Structure formats: structure tokens, C-alpha cells
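Work through the two exercises below with the sequence and the model in view. Each task is followed by its solution.

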Amino acid sequence: MLVTTDHTPAHIARAHTLRVGWLVSYAAIRQNAKLWTQARAAATDGVPLVFDSGACSVATTGQPVSLLAYTSFLRAGEKWRLADWCASLDVVGNPAITYANHRSMVEAGIENAMPTIHLGTDPAWVERYAATGAQRIAIGGITSQLRKLHGYTDADADRWLAAVMPACARLGLRTHGFGINAEKLVRGYAWDSVDATSFASGTRFRTLPIYRDGKLRNIPLSELTGGQAEHLQRLGVDVGVLGNAFVVGRNGHPQWGQLLQAGLMAVATALSEWNHTLRTLYVSDWGMGHHVLPMMARWRADPAILHRIVQVHRT
């Protein structure tokens, strides 16, 4: 279902209401317990929090995520109550097991468990989830990497979404888009939330997302122009730090915090302007919590910050 727009500029209509939260991976917490400490502190500070099993990301490592272990983690101390939602353990390409896992988590008391339907799955599964009381559903398998991995084309994704998204809307299901950051996809459908790692591209690829004139571009740090540097300075980015020597793998380097700050502002601004229905952007780069969580806390304390950022991006 295509998003309809009115005559209200997007940066006025939505920028001041977009929430920025953290998508926390159980698989990542299993490897680094400090992430749970950070997540709990973030939730205490009012940062929107969601849990994901992380099974998709670790599927190739030979360390699968157990349904029992994931459910037990969420139940212990009722961690699930800290979250907007908890993604049920899904299995790409097997909707029956994905459905069974979801029902198991709901019956175990995870009241905010959210099922996922993957590209290529029969849209009739949306009806089945709605019939069991689901209030939201995640859309998975849409990213270019996953489409290529499973042999789907852009046209395949478009046809599938054209069937699935209207069904979700008709049944009153709010939708989360896993890894949905591409402009065409963000603009094209009525997402309630999406998650992103693209804001952190500078720490991986030595580039910086910059949003200007309605477009989000990744600029190599070595090619940053004087005008772009001035633009970043108006956003409060320490451009001098960006000029420091880049050292891969040292996430304590002061440059990283500035790269993440600038990238997050650019991506959030783009998403808020591209889609008026989008309510929440969840950050899903789990290794950067000590950098991004303080930013999220400031964002929640000052919700109008995005509106001011938009104004700078548009000048």
C-alpha cells in the first residue's frame, strides 16, 4: 500500500515526533553481557528498546539461537516488559516453524512477541497471525543482500510487498521493516518502524552519510568538501576530530563518536522526511552502544532536536 501524503511538509509533520531507539540482539548479548547492562540502563533512561533473537545474523557461524534459551532470557526478570516488542525467533524460508516459534513465545508469557513474515511467504500467513491476536508484524528478507542470497529480484519484492502490506493495513497490523533504509522502500509503504545500521557506515567504510536536498549520500571522508564540513559544524559535529587519522577496529577513537553522531542525524532526518507514518527508527549496530546510547537519551529528553536538525539540513 503506497503512502499517501497531504500538503504538510514532511519535516514539519513528522520530524519532531520520530523516536530513536535501540534494537538489541540476544545473540550479541550472549557473546557480550555488557550489552544487556547498557540496554537496561538505556530503558531506564527512557530510550525505546526492542529485542531481536539475532538468529539471522549468526546463522552462518554454526552457533544457532535456541528458542528455549531466547525465551528464557526474555522471561528472566521479565526483561520483555522493558521493550516495545520482542521479535519472535524466525526461520527464513520456513513459515510453519516461524509460526510455531511465535506461538510458543506467546504461550510462554512474552505478551509483546512480534512475528516475522519473509519475502516469498504466502500472504495468507498475515491473516493467520492476525487471527491469533498479533497487533504488529515484521517484514523480513527485503534487504538487497538477503534478496540476492535467496534469489529474489527487486520486481519480486515489489510484487510481494504489494500483496502483503495492504493485508497488514486492512487487518490493523503495524509493520516493522527489518533493515529497511532504501528511499524507495521507505517512501513506498506505511511503516510504523524500521531499523538501521547505515548511520554507522563511517566506522566501517570510511564514509559519512550526509542528507542534503532530499537525498542521502555516503561521502568518503577523504572527499569531504568545505561546504559539507560547514554543514556538519552547524549540526554540532566536531569536524576537526573527523580529520584525525582513521584506525579501523578502535571504537574508542574519538572520531567514531562524531561519525556516529553525524550519521545518525543524517539517516534519521532522511527517514522522517521520506515517510510521514514512520514512528520509530531503531538503531541496530550493537557494538556501538557506548557511543549511541547517550545520543538517544538526549534525543528523548529533547524530542524537537530532529526538527532543528532538519532545518540545518535544508539550508
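S5 (116-118) supplies the most to the lining of the largest cavity, 3 residues; strands are DSSP runs of E of at least two residues, helices runs of H or I of at least four, both numbered from the N terminus. The model is predicted, so to speak of local features takes pLDDT of at least 70 and side-chain atom pairs pLDDT 80 or more, while totals for chains, interfaces and linings use all residues. Residues are numbered from 1 along each chain, and side-chain values use heavy atoms, without hydrogens and water.

**Exercise 1.** Find which elements each supply at least two residues of the lining of the largest cavity.

Solution.
1. On a 1 Å grid over the protein atoms alone, a cavity is a set of points where a 1.4 Å probe fits but cannot get out, and lining residues have an atom within 4 Å of a point.
2. The lining includes Pro95, Thr98, Ile117, Trp125 and Tyr129.
3. The elements are H6, S5 and H7.

**Exercise 2.** Determine how H6 (residues 95-107) and H7 (residues 124-131) pack.

Solution.
1. The angle is about 15 degrees and the axes lie 12 Å apart; axes are lines fitted to C-alpha atoms over the stretch in contact, with angles from 0 to 180 degrees between N-to-C directions.
2. H6 is therefore roughly parallel to H7, a term for angles under 35 degrees.
3. Pro95, Ala96, Thr98, Tyr99 and His102 of H6 meet Trp125, Arg128 and Tyr129 of H7, where contact means heavy atoms within 4.5 Å.

Terms used
Parallel < 35°, antiparallel > 145°, perpendicular 65-115°, else oblique. 1 Å grid on protein atoms, 1.4 Å probe; cavity = no way out; pocket = protein on both sides within 12 Å on 5 of 7 lines; lining within 4 Å.
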